[in-house]
Structure formats: C-alpha cells, structure tokens
Amino acid sequence: MIILTLIVTCLIFSDYSSLYAEDTLTLQIHPYLPSTELTRRFTPLANYLGQKIEQPVTIRIAKNYQEHIDQVGRDKVDIAYMGPASFVKLIDTYGKKPILARLEINGKPTFRGAIITAKNSSLQTLSDLKEYRFAFGDPNSTMSHLVPRFMLKKAGVDINKLAGYKFLYSHHNVALGVLIGDFDAGAVKEEIFYKYKDRGLKVLAWTPAVSEHVFIASNSLPEKTVRALRNALYNLKDDEKSAAIMSAIKNNMTAMISASDKDYDNLRIILQTLEKGVNP
C-alpha cells in the first residue's frame, strides 16, 4: 500500500512538473512601433528564449506606455522590454525588479534621440521653436517626450511657449507629422530619424546619450528561471542565429550585456528635474 501510494504521488508530481514546464511565459513590449512590426521584431527572440529555457515564450504588446509600466510593476507579465524612462518610473513606483540585460548597439550600451524639423525649415536652434507647433510621441517615451521636453525647457522653450503641441503615441507618427507639415518640429529616437531622413528631415539637436533599453523579469519568477533567461540573453551573441535575432530587434545590435539601476541615474536626474518643474 505504501509503495502504491509513493508511485501515485510520483506520477502526480511528474504530471504537475510537466505542466509547469509547459507554462507559457509572456514577454511584453511597450508600443513604440505598430503592434504588427513589434511582433515581427521580437518573435525570433521569443522563440530563442523558449528553446533555451525549455518553456514557451509568447509576445504581448501593451496598449500604451503607462499600462506597460503598471502591468510590469504588478508582476502581471513575466518578462518585459522597457524603454529607459519607463524603467526608471517603474523602479521608482514599484520597487526593484530583476534586471536581465540591456541592449548594446555598435558596441555601446547607450543611445540618443533627435529633435527634428523639415529639411527646408528655417528653424536652426531649439530656442527658435517658440510659437511653433511640436509633435511628441507617448507621454512616457524617453526620446519622443521626456528628454526632448527637458532640452526644450533648458533652451527656454517651455511647452506653454509653443504655438501648440500634441502626443502622437508613435515615433513614426511624429516623423510623418513633421514631414507632411502638421507640425514644425518633433522628437524621435535616432533610428527613426535615419529611417525618414532622406524623405526630408534634419536634426535641430541631438539628445544626451542615456542607457539603452532593458529586459527585466517579474519578481514572481523562480530564481532558476531568471538565471536561465539572463544567461540566454548574455549568450545570444554566440548563437548561430544571433545576427537574425538581434538585427530584427534593432539595426546594428551587437549584444545584450549586464546592467544595473545606476546606469540610468543621469536619466533619473532629468526626470526628477521635469517633475519638480525647475529650470535645468
């Protein structure tokens, strides 16, 4: 009887272990590009991670940046890809999360954005933007709102000195809004500027460099899974499919490397300055 009970118990435990191993993990991404494009970009990575940790990984796109921050903060998703400003807000609001890795582009773990205008525009400097129309991306976007907003303020152009401004919720929308003349200037990340540059854009000013986008894990994930995910990301550069996986996410991506909360301190200072409403 004891032997039979042990056998049944082992079988039940084995079944549950198998089910757990097949539990799908969710990789959520903020909507900095259209959902279809983000799904295409991150699916190769999700497949790679699923193979390495022997657990399926599926893609989910957040409706907006704030939803992304809140769902990640409340451990509603297992893995998250976050912009720097969203990451800083997440940590300051919800506390620390396990950092998995950050991007390295062309051997550098930092990136920048651009304040753009039409190539034939008479605008030359940020201070020229008074009484002109400006396009931002998402209110929580690092390079299409927060850092550019800081730069405008530093140049003496608070948003109440603009002729008008609007949040277009996408870097692409900002570039297109400037190109078609709905706005005199706007803010995008470097990648999007170069995508649309030849259609007739120029840079008024580059943003300061900040630490790259980061992957983090839920506090509810087992430590074993967190370690496996971190190792898989660190080792991606050595995988035979690494070039296809990384270039799908971002052009010229060279690796995923370690990161710490301190890497985002310069951005944290910018955000705190904006929040306090003081002049930089």
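Predicted model: local features only at pLDDT ≥ 70, side-chain atom pairs only at ≥ 80, totals over all residues.
Residues are numbered from 1 along each chain as its sequence is written. Local features need pLDDT of at least 70, side-chain atom pairs count only at pLDDT 80 or more, totals for chains, interfaces and linings use all residues, and side-chain values use heavy atoms, with hydrogens and water left out.

View 1. Strands here are DSSP runs of E with at least two residues, and helices are runs of H or I with at least four, both numbered from the N terminus. Five of the five residues of β9 (residues 185-189) are buried, so the rest of the structure largely encloses this strand; buried means under 20% relative accessible area (1.4 Å probe, protein chains only). Ala 185, Ala 187 and Lys 189 sit on one side, with Gly 186 and Val 188 on the other. Strands pair if DSSP finds at least two bridges between them. β6 (residues 113-118) runs antiparallel to β9, with five bridges, and Ile 115 partners Ala 187. β7 (residues 133-136) runs parallel to β9, with two bridges; here Ala 135 partners Gly 186.

**View 2. Thr 26 in strand β1.** Thr 26 belongs to β1 (residues 25-29) and, at 11% relative accessibility, counts as buried. Leaving out residues up to four places away in sequence, Thr 26 touches Thr 58, Arg 60, Val 77, Asp 78 and Ile 79; contact means heavy atoms within 4.5 Å.

**View 3. Helices α2 and α9.** Helix α2 (residues 35-53) packs against α9 (residues 242-249) at about 140°, with axes 7 Å apart. Arg 41, Phe 42, Pro 44, Leu 45 and Tyr 48 of α2 meet Ile 245, Ala 248 and Ile 249 of α9.

Conventions: Buried < 20%, exposed > 50% of the residue type's maximum accessible area, 1.4 Å probe, protein only. Axes fitted to C-alpha atoms, helices over the stretch in contact; angles between N-to-C directions.
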